[in-house]
Amino acid sequence: VEIEVGELSGAVPELLAELYPLASEGTPLEGSRLLVRRVAVRFECRCCGQGFGRRRDPGCPQCGSTNVDLSCGREIRLTSIDVEEGEGAGR
Amino acid sequence: MKIVVVKRILGDNDRRAAALRRKFRRAGTLAVNLISSPGSGKTALIERLVPELRRRGVSVAVIEGDVATTNDAERVEAAGAPAVQVTTSGVCHLNAAMVAAAVRRLEKLPQILFIENVGNLVCPAAFDVGEAERLVLVSLPEGDDKPEKYPEAFAGAGAMVINKTDLAAGCRFRVSRAVLAGRSVNPRLAVFETSCRSGGGIRALAGWLVARREERFGLEGQAKTRPAKRRRAPRRRK
């Protein structure tokens, strides 16, 4: 089970990994492995469209505008599930 | 076999929050989620903002989130706004379901609804409660590195309120440091400096809130009294 965890989401990948076996116990996911992909903070400038990461000086490195959106870094998303063939055949 | 899913976790809370947001929009309510550490002055700030907003003809109500007691709701009601207390009995944040239940207990939706979250800069940052604006408070005695330590809280905020400016002499709080750190995760973050003791900065913050509401809903319902409808004079025939 692969999930994405944004740097600013508030979720802690280490804790998720630690608690996952407990949470999945007794569910169809028991025994499965959790893969956590961290997602770094990215901004996108509303003025010039430039994408950039977190930096010390706030604002767009290309045009200096502070009118920017956080494009990723706050998400907690399930991205994919990897299943061995034949495993779910009984369903 | 790899199955690609892409589904938001916390999707249940997000769905409830989206429903609340639609409800607020229909009612012309600007919902403001107030978050900070315990003791930064969230309730004191509301106590100051309520009379200032009412003076401007804006109706206000408050949802008070606390782990225990109804102290804050009593304080806010004394300041002149209807309040609903949510006691979380141990939970460290409000979620959309708790806020939806509290909203049902409000007699009517106001023009500005403050949702005072549980005092905590960690978990409240992760739970959308249907707000239109998030305000994060830091107070001078807490230190100027709060935005560096708790970037999640500032990432989605509309404004940072630096409170207790009356204590500046005793605190080594560098406003520039806090602002720089806050804006490094949120370049559009607005900043206000307030003192609930002296009332300094409260008018500017109230003005900003009113402007945010007008941005969303226009000026409708803003005036204290509706201008009387003018009757059109009957046309005289020649």
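Student: What is the volume of the largest pocket?
Tutor: In this predicted model, the largest pocket has a volume of about 910 Å³.

Student: How many residues line the largest pocket, and which lie nearest its centre?
Tutor: The lining consists of 37 residues. Nearest the centre are A:R74, B:R134, B:A155, B:G156 and B:A157.

Student: By class, what does the lining have?
Tutor: There are 17 nonpolar residues, 14 charged residues and six polar residues in the lining.

Student: Which helices and strands supply at least two residues of the lining?
Tutor: Chain A contributes through strand 5 (68-72), and chain B through helix 1 (11-27), strand 6 (133-139) and helix 8 (202-217). The largest share, five residues, comes from strand 5 of chain A.

Student: Turning to strand 3 of chain B, how many of its residues are buried?
Tutor: Seven of the seven residues in strand 3 (residues 60-66) of chain B are buried.

Student: Which residues are on each side?
Tutor: One side carries B:V60, B:V62, B:E64 and B:D66, and the other carries B:A61, B:I63 and B:G65. Both faces of the strand are covered.

Student: In what sense does strand 3 of chain B pair with strand 5 of chain B?
Tutor: The two strands pair in the parallel sense over five bridges, strand 5 being residues 112-116. Within this pairing, B:V62 has B:F114 as its bridge partner.

Student: And how does strand 3 of chain B pair with strand 4 of chain B?
Tutor: That pairing is also parallel, over five bridges, with strand 4 spanning residues 83-87. Here B:E64 stands opposite B:Q85. Between strand 3 and strand 4 the chain passes through helix 3 (residues 71-78) of chain B, making a right-handed β-α-β crossover.

Methods
Residues numbered from 1 in each chain as written. Chains lettered and ligands numbered in written order. Predicted model: local features only at pLDDT ≥ 70, side-chain atom pairs only at ≥ 80, totals over all residues. Heavy atoms only, no water. 1 Å grid on protein atoms, 1.4 Å probe; cavity = no way out; pocket = protein on both sides within 12 Å on 5 of 7 lines; lining within 4 Å. Points joined across faces, edges and corners; volume = space filled by probe spheres on them. Helix = DSSP H or I, 4+ residues; strand = E, 2+ residues; numbered from the N terminus. Nonpolar A, V, L, I, M, F, W, Y, C, P; charged D, E, K, R; others polar. Buried < 20%, exposed > 50% of the residue type's maximum accessible area, 1.4 Å probe, protein only. Pairing = 2+ DSSP bridges. Right-handed = clockwise from strand over helix to strand, strands pointing away.
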